[in-house]
Amino acid sequence: MEQSVSGIPDEWDVPLGGLEGLARVLLERTHVEAAVAEVRFVGGQRELSEAAAARVWEGLGTETYPVFEPSTQTIMTVTISPAGAEPVQESQQGWMLANSDRTTAVTLLPSVVVVQTRDYQRYSTSLGGPLAKVLALFTEATGASRVQRLGLRYVNRLTDPAASSPAFWRDHIREPFAGALHGPVAHLVTGVHQQVQLQLDETAGARVQSGAFEEQGTVPPRYSYLVDLDVFREQASTFERTLCANQMRQLNRTALALFAKVLSRQYLAELRPVAVPPSDTPGYGFASRKSVGDESTENALKEGEFRP
Amino acid sequence: MTLLMPEQTVDPFGIVGTFPAKFKRAASSTVNIDLIAGEIHDVLVAWEEMTASPVHSPATLHSGSGTPKTEVRLRYPSTPVEAVEYVRGLLGVSQDAVLAAVGVAQRTFFGWKKTPSSRPRAASLGRLWLMVEALTHLQGSHPNLAAWIHSNPDAYRAFEAGQVNRLVQLEMEWVVRHEPAHTPHAPRFGDLGDGLAVSEDVVTQEAEETNIPAPSVPTLRSTPRGRTRLPR
């Protein structure tokens, strides 16, 4: 699922929005707080039966996900009318499956499937593969057939022992995303948060939230930098497994390309991007360990020169 | 479980922009904030600028004097540090007692606190997550887990010794005595090293005394309200 069936990069490996970036590179030194893959279906049911959820659970493997418990989701919608903005809140009943230490969880709601993990290795094994398996079981169990939204979200946490103030991150985050960290008041900043919404094409978009925050319980104070990338496509369509998988793969490529636009080139290099070998070569699934100084990796980091 | 799932702004009349305080927002992908570190959860909630389901769901209990007391339900932990605090809060014991019971060295624990982003080795976690899982299930069926463990010397000794299955078995016995209408199912935590065979003997003896068939293959299933059900 990491690449096209043939192993040769195809159109779905090209990031959306005309972004150029690291479509075939793993970053070895990032810490992903949460990686989320979500598919929303068009539907009107308010509850997912235990029997249907159990069928999905058994298909995924009860040993893999020994945790099986009910969950409630609260949805808040704001509708704007001439009378004003009215928030509406409704609840949906569903189920959550998780591994024993709850680092990976699958949430099943009447019209939503969510795969979330804190133990992110690479897209195909951590999100893409599990999501495809869940979707096949879910659509069979529930009859869901029309997709409303695809989403991929990465919450990345950047840390450094030397980050004693938010200003530390000034040289690691590109100026358009660093806000007040660049400028005359950078030394006065104790917290910063910026949200950017992007339109990638007619039905795809992205939201980039980024900012520095003080870590809890650190003496002297230390500041982490959070980069929350949410890449999505909102387009009603009939669910088709291969198309859905390809579209999600493209969202993954787009998310990585966006991540590269948030970080400075120097800091990106410090995160040790490693080239991913194609699937038809021995050792697929294990990133080759090349140093940052390796010529091919250096070439991959140059703007506009990396091609999937 | 708490999910953040803000939907996109619905603007059927196309009048977004005429209200200065409002702006059209795209829906964001759902994140289960109960599965991420506490401080990251706090940051995301603040950034989302919306009211998530309360992390602490207070329920009012009455003490012996009739004075209302508030019980705070602890959020399920997502890191080993939170897990230690979770056990400490559920049982009302000291941090040192928790670490000793689950077999985690103090030095190891302080290392986790010092470097929150580190990934602990599985061997250093001891019985921590086993204890968390067991207590979570017990909490769902027991009105006051902390009071029970402090008033039951056998239970407290089982906790101190890290005997998770023994702890669960004692709680089952308590439920059978106090709520005979329920049929008990015992959770399997895969821990065979703390006298499960002894527990089965005790259960058999208890079953003979109370004419309740001894459970053969214990399994746990929670009702939608989170209460454990014990086999008949």
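Is A:Arg149 buried or exposed, and at what relative accessibility? In this predicted model, A:Arg149 counts as buried, at 2% relative accessibility. The side chain of A:Arg149 meets that of A:Glu234 in a salt bridge, 3.4 Å from N to O. A:Arg149 lies in strand β7 (residues 146–158) of chain A and A:Glu234 in strand β10 (residues 223–238) of chain A, so the pair ties together parts 85 residues apart in sequence. A:Glu234 counts as partly exposed, at 26% relative accessibility.

The structure holds 19 salt bridges over all chains. One of them joins A:Arg249 to A:Asp10, with the closest N and O atoms 3.2 Å apart. This pair links distant parts of the chain: A:Arg249 sits in helix α4 (residues 241–262) of chain A, and A:Asp10 in the segment before β1 (25–27) of chain A, 239 residues apart. A:Arg249 is buried, with a relative accessible area of 2%. A:Asp10 is partly exposed, at 25%.

In chain B, the side chains of B:Arg157 and B:Asp154 form a salt bridge (2.6 Å, N to O). Both residues lie in helix α7 (residues 153–160) of chain B, three residues apart, about one turn of the helix.

A:Trp57 and A:Phe68 are stacked, 4.4 Å centre to centre, with 5° between the planes. A:Trp57 is buried, with a relative accessible area of 18%. Elsewhere, ring pairs link A:Phe168, A:Trp169, A:Tyr225 and A:Tyr267 into a cluster.

Helix packing was examined in chain B. The axes of helix α2 (residues 80–91) of chain B and helix α4 (residues 106–114) of chain B come within 9 Å and cross at roughly 120°. α2(B) and α4(B) are therefore oblique to each other.

Conventions. Residues numbered from 1 in each chain as written. Chains lettered and ligands numbered in written order. Predicted model: local features only at pLDDT ≥ 70, side-chain atom pairs only at ≥ 80, totals over all residues. Heavy atoms only, no water. Axes fitted to C-alpha atoms, helices over the stretch in contact; angles between N-to-C directions. Helix = DSSP H or I, 4+ residues; strand = E, 2+ residues; numbered from the N terminus. Parallel < 35°, antiparallel > 145°, perpendicular 65-115°, else oblique. Phe/Tyr/Trp six-rings, centres within 6.5 Å; stacked < 30°, edge-to-face > 60°. Buried < 20%, exposed > 50% of the residue type's maximum accessible area, 1.4 Å probe, protein only. Salt bridge = Lys/Arg side-chain N within 4 Å of Asp/Glu carboxyl O.
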